[in-house]
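Here's a quick walk through one structure, strand by strand and core by core. Have the viewer open as you read.

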Amino acid sequence: RDTEDYSSIIQKYKSKIDVVYEKLDSNKGPGYARKRGIEISSSRYIIFLDSDDVFYDKDSVSKLYNAIEENNSDVVRSVIHEECGNEIRVYENENIGLHGKIYRRGFLEEKDITFNNEKSNEDTGFNLLINLCGANYTDISDVTYLWKDNKKSITRKNKDEYQDIHNEKNAYNIYWAFEEAVNRSYDMERYKYFSLLHINLKFLLFW
């Protein structure tokens, strides 16, 4: 939930890009917010940008868009830079977070893929479900996303407390994705690969 009014900023760019702004009446977590964003938008492709991060440069979106168009991919993964104090960590084409990626809406709709309502690690479940459903990936070497070192963010401000939640929710979202994939058209090789993981997580979560 945010008390700021962004209407003046939106109006400034309204003539250049089609912006739809929706403010939720309460904080229901990132999973719900991202799912709602997909529901109210209509573009062919979907990109996520967290509020405290930025695109790496002015060409970042174009690089992702061109790659998914030229390769007819379902997902394009790029390189991410993460600020960690004075250090920059580099992630190349990782498949956990939403950062530095573009998704084909048609694939998500065909496989009925969206987010759950978890408030942590919902990106893990989302991306794993996409993978299990046999997405066609393209990886590019361009840096498109800068993950900012925001000391005031919930996860960094409460790092020790969040770590326990992170581990629990990460396990839950992996298990959730596997269960969801059973109800969809998934790649059998991926299914076999995650079978052991399924058994282990079921023991971990429900024993």
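## Ground rules

Throughout, contact means heavy atoms within 4.5 Å. This is a predicted model, where local features need pLDDT of at least 70 and side-chain atom pairs count only at pLDDT 80 or more, while totals for chains, interfaces and linings use all residues. Numbering starts from 1 along each chain as its sequence is written, and side-chain values use heavy atoms, with hydrogens and water left out.

Start with leucine 108: setting aside neighbours within four places in sequence, it is in contact with Ile46, Tyr103, Ile113, Phe126 and Ile130. A nonpolar core here is a set of buried Ala, Val, Leu, Ile, Met, Phe, Trp, Tyr and Cys residues joined through side-chain atoms within 4.5 Å. Buried means under 20% relative accessible area, exposed over 50%, and partly exposed in between (1.4 Å probe, protein chains only).

The largest such core has 22 residues, and Leu108 is among those with the most contacts inside it, along with Phe48, Tyr103, Ile113, Phe126 and Ile130. Two or more residues each come from α4 (105-110), α5 (122-132) and α7 (159-182), with α5 giving the largest share, 5 residues. Another core, of 7 residues, lies apart from it and includes Tyr45, Ala67, Ile102 and Ile140. Helices (H or I, at least four residues) and strands (E, at least two) are DSSP runs, numbered from the N terminus.

Now over to β3, residues 75-84. Because 9 of its 10 residues are buried, β3 is largely enclosed by the rest of the structure. As for pairing, two strands pair if DSSP finds at least two bridges between them.

β3 and β6 (residues 137-147) run parallel, joined by 7 bridges, and valine 79 has valine 143 of β6 as its bridge partner. With β4 (residues 87-92), β3 pairs in the antiparallel sense over 6 bridges; there, histidine 81 is partnered by valine 90. These two strands, β3 and β4, form a hairpin with 2 residues between them, and glycine 85 in the turn has a positive phi of about 65 degrees.

## A buried arginine

Is arginine 34 buried or exposed? Arginine 34, in helix α2 (residues 30-40), counts as buried because its relative accessibility is 16%. Not counting residues up to four places away in sequence, arginine 34 touches Phe48, Asp50, Leu98, Phe115 and Glu122.
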